[in-house]
Amino acid sequence: MPAVASAADPPSASTTAPPEAPQRARIRYTLEGIELRGNVRTAGRVVLRYVKFRAGDLLDVDDPELELTRYRLLGTGFFAQVDLSLRKGSRRGAAVLIIEVVERNTLVVQNLWAGVAADEDTAGNARPLSAFLGVQVAETNLAGTGITLGAGIALAADQYALRTSFVDPSFVGTGWSAALTVLYNDARDFFGNRDVLFEAPLIAQREVTDYAVVAYRRFGATIGTGHDLGVSSSFALDYHLEQIDATVPVAASHMRGLSREPIDFSIRPGRSVLSTVRGALTYDTRDAPFLTARGTLAQASVTIGIPGSDYSFQKFEATLRRWWRLPWRHVVRFDAYAGAIAGDAPFFEQFYVGDFTDLLPDRLLALAPDRRQPPNLLGTDIIEVRYGDFAAKIEGEYRIPLYTGRESVYGVDLFASAGFYSVATRREFTDPPTGYGGWSRLPVDVTGNIGLRLDTKLGGVTLAFSNMFGLVAARNGERK
């Protein structure tokens with residue numbers, strides 16, 4: 001942001017002392033006020049909520065929080081462009097901060113899933129079964145108030161999920177947010193690796209004969225609040241309560257490695273209650289929410305099953321993402337993630353392998369319709385894992401901007417990514433599956449993706465080619 005006044009002239013050099021490098025004088029003004037421009041739909045108080053500066057503050061034009069304020073306003077998703085500048089105030093040494101915005105559409109598609117769920121034969125060849133579809137939409141700036149109102153639906157064979165959500169970032173005008181999410185799932189999940197034997201007279205198996213099926217319903221809600229700790233940091237606290245009604249096979253076993261073992265379904269049969277508290281700390285200095293070019297996003301969270309819950313567990317997660325814009329305007333991103341669960345979490349709270357590899361469809365609103373095991377490109381025992389108590393991922397991405405605009409499409413980037421990931425149960429460390437030796441006993445695999453990222457009027461869109469490959473590719477890697 002250019003200053004409205006130049007630095008003072010450097011002092012003349014002494015005739016006896018060696019010359020010193022000129023130093024730029026710090027320029028400070030008393031902030032006389034803030035002037036907003038361009039916010040036609042968005043209320044002024046909503047814009048000012050993301051600005052920490054107030055009239056009477058001493059404003060340093062080199063303060064990095066000025067640029068972070070611009071990033072923060074862009075991060076709301078309300079604006080396609082944000083510019084900050086200063087103009088002279090009514091008296092010497094005073095200035096007015098001008099915030100000029102260009103509003104963008106705030107009715108957005110947050111998530112869109114479409115594909116074909118697949119099974120596989122004993123040789124690992126994919127067999128397409130049925131289509132799945134999911135969509136989440138939200139108005140992120142309802143009537144210019146900054147309130148988000150969203151809904152989602154996911155459909156797959158014999159299962160569906162519904163979501164509604166409400167978020168007010170400044171509840172009743174305070175510095176605290178308020179959030180409510182309501183969920184309903186009528187779903188199935190598939191257990192067992194190979195040669196599955198089961199007794200489940202109460203579950204309509206239909207075409208599913210190679211897996212032990214758990215049919216379950218979930219109905220619950222999450223309420224939460226949060227508060228800003230600074231211009232780039234915040235914390236959130238949520239309470240979640242739901243009722244689960246699960247029909248579990250009476251008995252089931254499968255081949256794990258070269259040995260037959262009973263299947264652990266990680267859910268209580270009949271009715272049960274899940275009650276948790278989750279706390280999270282977030283640090284965010286991204287310059288844009290979707291096509292990020294520079295900045296850091298870091299988050300640490302812990303979820304705890306509390307008294308009254310039928311599931312006693314603790315879940316820890318940490319994420320770090322860093323972006324750099326190179327001198328030739330290309331962008332590099334580095335991601336690191338780690339998660340661990342202690343105790344007995346239900347399977348839908350555990351780490352799902354499809355959420356970590358780009359070569360399988362990820363979950364849509366907690367549904368996992370795809371039945372294939374991990375691609376196993378490295379030939380390890382990760383092929384024996386569907387849900388885990390531990391997960392980790394390291395990934396890098398290189399992005400090339402192809403187009404920048406201001407109408408329906410704000411930007412198009414070509415990207416390529418690659419990384420390593422791991423999902424494991426406790427038994428992979430204490431009692432690994434038989435038939436694996438050496439490095440193959442480490443549940444690790446590689447993942448990668450290539451495609452286009454589009455920032456559009458309706459939200460961010462990723463067109464990734466490896467997702468399509470994952471629907472049709474035959475099994476890679478050795479099967480035991």
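Me: Buried means under 20% relative accessible area, exposed over 50%, partly exposed in between (1.4 Å probe, protein chains only). Going by that, is Arg 372 buried or exposed?
Reply: Arg 372 is buried, as its relative accessible area is 5%. Before we go on, this is a predicted model: local features need pLDDT of at least 70, side-chain atom pairs count only at pLDDT 80 or more, and totals for chains, interfaces and linings use all residues. Residues are numbered from 1 along each chain as its sequence is written, and side-chain values use heavy atoms, without hydrogens and water.

Me: Thanks! Which side chain does Arg 372 meet in a salt bridge?
Reply: Asp 370, at 3.0 Å from N to O. The rule is a side-chain nitrogen of Lys or Arg within 4 Å of a carboxyl oxygen of Asp or Glu. Asp 370 counts as buried because its relative accessibility is 3%.

Me: How many salt bridges does the structure hold?
Reply: There are 32 of them. Arg 321, Arg 333, Asp 335, Lys 393, Glu 395, Glu 397 and Arg 453 are linked in a salt-bridge network.

Me: And what does Arg 194 pair with?
Reply: Its side chain forms a salt bridge with that of Glu 384, 3.6 Å from N to O. Arg 194 sits in the loop between β9 (176-191) and β10 (197-199), and Glu 384 in the loop between β19 (351-352) and β20 (387-388), so this pair ties together parts 190 residues apart in sequence. Strands here are DSSP runs of E, at least two residues, and helices runs of H or I, at least four, numbered from the N terminus. Arg 194 is buried at 10% relative accessible area, and Glu 384 is buried at 7%.

Me: Where do Arg 70 and Glu 67 lie?
Reply: Both are in helix α2 (residues 64-75), 3 residues apart, or about one turn of the helix. Glu 67 is partly exposed, at 30% relative accessible area.

Me: Switching to rings: how many aromatic pairs does the count come to?
Reply: The count is 18, with Phe, Tyr and Trp (six-membered) ring centres within 6.5 Å; planes under 30 degrees apart are stacked, over 60 edge-to-face, the rest tilted. Phe 191 and Phe 347 are edge-to-face, 5.3 Å centre to centre with 80° between the planes. Phe 191 is in strand β9 and Phe 347 in the loop between β18 (331-343) and β19, so the pair ties together parts 156 residues apart in sequence.

Me: Which residues form the aromatic cluster with Phe 191?
Reply: Tyr 216, Phe 265, Phe 347, Phe 348, Tyr 352 and Tyr 387. Phe 347 is buried at 1% relative accessibility.
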